[in-house]
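This briefing covers aromatic pairs, charges placed over rings, and the nonpolar core. The sequence and structure come first.

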Amino acid sequence: FPYTTLFRSGSILEPATIITYVKQVATALQYAHNRKIIHRDIKPENMLLSHEGIIMLSDFGIAIALRNFQNMGKPTVLSVGTMIAGTTTYMAPEQFFGTPYYTSDQYALAAVVYEWFCGMPPFSGSDFQVAIKHMYRQPLPMRAIIPGLAPTIDRVVMKALEKNPQQRFATIQHFADALEAACH
C-alpha cells in the first residue's frame, strides 16, 4: 500500500508541513462539503500520506449526507440520523448532541492542527472527560504551550475551535487560507 499514516502521537510538525497537510485535507473536505457530505471523523489516522507527499483522506464510513442545508441551519440527515459518531479526541461539541455541521469537520481539523503544533491534542483524559471538555471548556491557548508561536496562528486555530459552529470560519477552505496567511 503506497500510503502510510500521517502522524505519530506526540510529534510536533513544522508550520510549513502543517500548512501543506491542512491545504490538502481542506481541499478534500471542501469537495465533500460541496456535495453535502460531512466526514465526522477527521483525525490523523484517517489522513494517509504517499511517498510523494500527497494526502488521501480516508474512512468516510460514518460520513453523513445532508439535504436542505441552508447556511448554518440545522441540517436534515439522509443516512444515519442523529447517531453520535466520531473519535472523541477530535470531535466538535455539537457532534456529542447528534447535530453535526460542515464546520464540525473544521473543528476536528483544528484539533488535529493544535496537536501538530503542540504535540498534544486540545484535551486529554477518558473519553467521557474529553467529551465534557469539548462541550464546555476552552482549550488552553497554544501560545501557553509554545510561547514563541505567532499570535495570529493561535487566533486562527482557536477560532476554528469555537464551541458555537457559527463562530468558526464560514468554510473549511476559509480556515485553511487563514492558517496559511497566519503562518506567513
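Tyr21 is buried in this predicted model, with a relative accessible area of 12%. Trp116 is buried as well, at 0% relative accessibility. The structure holds two aromatic pairs, and Tyr21 and Trp116 form one of them.

**Aromatic pairs**
- The rings of Tyr21 and Trp116 are arranged edge-to-face, at 5.6 Å centre to centre and with 70° between the planes.
- This pair connects distant parts of the chain, since Tyr21 belongs to helix H1 and Trp116 to helix H2, 95 residues apart.
- Phe169 and Phe175 have ring centres 5.9 Å apart and planes at 40°, so this pair is tilted.
- Phe169 counts as buried at 13% relative accessibility, and Phe175 is buried at 0%.

**Charges over rings**
- The charged end of Lys159 is placed over the ring of Phe169, 5.2 Å from its centre.
- Arg35 lies over the face of Tyr31, 3.6 Å from the ring centre.

**Nonpolar core**
- The largest nonpolar core contains 42 residues, and Val113, Phe175 and Leu179 have the most contacts inside it.
- At least two residues of this core come from each of helix H1 (15-34), strand S3 (47-50), strand S4 (55-57), helix H2 (102-118), helix H5 (151-160) and helix H6 (172-183).
- H2 supplies the largest share, 11 residues.
- Beyond its neighbours within four places in sequence, Val113 is in contact with Ile18, Val22, Val157, Phe175 and Leu179.
- In soluble globular proteins, nonpolar side chains tend to be buried together.

Key: Residues numbered from 1 in each chain as written. Predicted model: local features only at pLDDT ≥ 70, side-chain atom pairs only at ≥ 80, totals over all residues. Heavy atoms only, no water. Core = buried A, V, L, I, M, F, W, Y, C linked by side-chain atoms within 4.5 Å. Buried < 20%, exposed > 50% of the residue type's maximum accessible area, 1.4 Å probe, protein only. Helix = DSSP H or I, 4+ residues; strand = E, 2+ residues; numbered from the N terminus. Contact = heavy atoms within 4.5 Å. Phe/Tyr/Trp six-rings, centres within 6.5 Å; stacked < 30°, edge-to-face > 60°. Lys NZ or Arg CZ within 6 Å of the ring centre and 35° of its normal.
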